[in-house]
Amino acid sequence: MNYYDKLDLENIPKHVGIIMDGNGRWAKKRKMPRTFGHREGTQRVIEIVEAAYKINVKSLTLYAFSTENWKRPDEEISKLMDLLAYYIKNQLEKIKKNNIRINVLGDYKAFPDKIVRLIETALQETKSNDKMILNIGLNYGGQSEIVRASKLICEDVIAGRVSLEDIDVESFKDYLYTREQEELDLLIRPSGELRVSNFLLYQLAYSEFYFSNILWPDFHEDEFYKAIYDFQKRNRRYGGL
């Protein structure tokens with residue numbers, strides 16, 4: 001089914017988050033190493049970024065590497081780093097041409113130096129772009145983000161830049177990685193798992209959730225539009241009637 005043709009292009013979620021899950025299981029089903037699944041998953045990243053851009057999503061947030069992913073085997077982590085480097089090197093010019101700004105969520109400086117340099121180049125060369133923001137979660141965890149924001153607030157209070165009375169739900173957002181971005185409207189999780197896995201915990205307060213049994217390497221453009229179509233059928237009351 002072609003879900004793009006069903007979309008109301010005047011009712012597109014402004015901010016979409018995706019937990020890209022299922023690469024390893026996808027590869028295992030094909031009796032291939034997990035890294036084969038991650039490589040195919042990178043192709044879906046390219047496809048879904050283009051799909052989101054096509055329908056004018058303002059912010060797309062992709063969970064690429066969590067703080068918990070360090071528990072994986074060293075070889076798999078190394079391959080993930082190689083894929084990240086490949087993606088940046090091969091997609092940066094297209095991203096720049098399409099006026100997309102890259103923003104990183106998480107402590108990416110824990111990565112190898114060559115990866116850090118590539119990330120910082122991408123951040124610098126896209127910082128003025130304003131068509132769409134591509135947030136990439138790298139060494140990211142929602143709980144760590146909230147703790148980091150709390151520490152930054154404490155530093156500002158101690159320095160006299162803000163007072164305790166200034167701190168509320170809205171001002172707290174200014175200390176998150178997604179500061180000055182649209183509210184998270186929709187969280188998509190492929191792979192059949194029914195949890196948020198420490199992703200955007202503060203931002204998820206009034207997000208709509210869309211879960212799919214499809215593994216991420218099979219989550220093609222039309223499946224993304226299906227999630228958007230499902231979102232458009234919902235009545236968002238924000239606690240009201």
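Reader: What are the ground rules here?
Author: This is a predicted model in which local features need pLDDT of at least 70 and side-chain atom pairs count only at pLDDT 80 or more, while totals for chains, interfaces and linings use all residues. Residues are numbered from 1 along each chain as its sequence is written, and side-chain values use heavy atoms, with hydrogens and water left out.

Reader: Which residues of α5 are buried?
Author: They are Gly-142, Glu-145, Ala-149, Ile-153 and Asp-156. Buried means under 20% relative accessible area, exposed over 50%, and partly exposed in between, with a 1.4 Å probe and protein chains only. Helices (H or I, at least four residues) and strands (E, at least two) are DSSP runs, numbered from the N terminus.

Reader: And where do they sit around the axis of α5?
Author: They cover an arc of only 75° around the axis, which puts them on the same side of α5. The arc is that of the directions from the helix axis to the C-beta atoms. An α-helix has 3.6 residues a turn, so residues three or four places apart point the same way.

Reader: What is exposed on the other side of α5, and what covers the buried residues?
Author: Gln-143, Lys-151 and Ile-158 are exposed on the other side of α5. The cover of its buried residues includes β4 (132–140) and α6 (169–172), where contact means heavy atoms within 4.5 Å.

Reader: What span should α5 have?
Author: Its 17 residues (142–158) should span 24 Å at 1.5 Å a residue, and the end C-alpha atoms are 25 Å apart, which agrees. The expected span is 1.5 Å times one less than the number of residues. Just after α5, Gly-160 takes a positive phi of about 80°.

Reader: Turning to α4, which residues are buried there?
Author: Ile-115, Val-116, Ile-119, Ala-122, Leu-123 and Thr-126 are buried in α4. They cover an arc of only 125° around the axis, which puts them on the same side of α4. The buried residues pack against α3, β3 and β4, whereas Asp-113 and Arg-117 are exposed on the other side of α4.

Reader: Which residues line the largest cavity?
Author: The lining consists of Leu-84, Ile-88, Ile-102, Val-104, Ile-119, Ala-122, Ile-136 and Leu-138. By class, that lining has eight nonpolar, no polar and no charged residues. Ala, Val, Leu, Ile, Met, Phe, Trp, Tyr, Cys and Pro count as nonpolar, Asp, Glu, Lys and Arg as charged, and the others, Gly among them, as polar. The volume of the largest cavity is about 30 Å³.

Reader: How is a cavity told from a pocket?
Author: On a 1 Å grid over the protein atoms alone, a cavity is a set of points where a 1.4 Å probe fits but cannot get out, and a pocket is an open set with protein on both sides within 12 Å along at least five of seven lines; lining residues have an atom within 4 Å of a point. Grid points are joined across faces, edges and corners, and a volume is the space filled by probe spheres set on the points.

Reader: What volume has the largest pocket, and which residues lie nearest its centre?
Author: Its volume is about 830 Å³. Of the 34 lining residues, Met-20, Tyr-63, Ala-64, Phe-65 and Asn-69 lie nearest the centre. The lining divides into 16 nonpolar, nine polar and nine charged residues.

Reader: Is Glu-40 buried or partly exposed?
Author: Glu-40, in helix α2, is partly exposed, with a relative accessible area of 25%. Leaving aside neighbours within four places in sequence, Glu-40 is in contact with Trp-26 and Pro-217.
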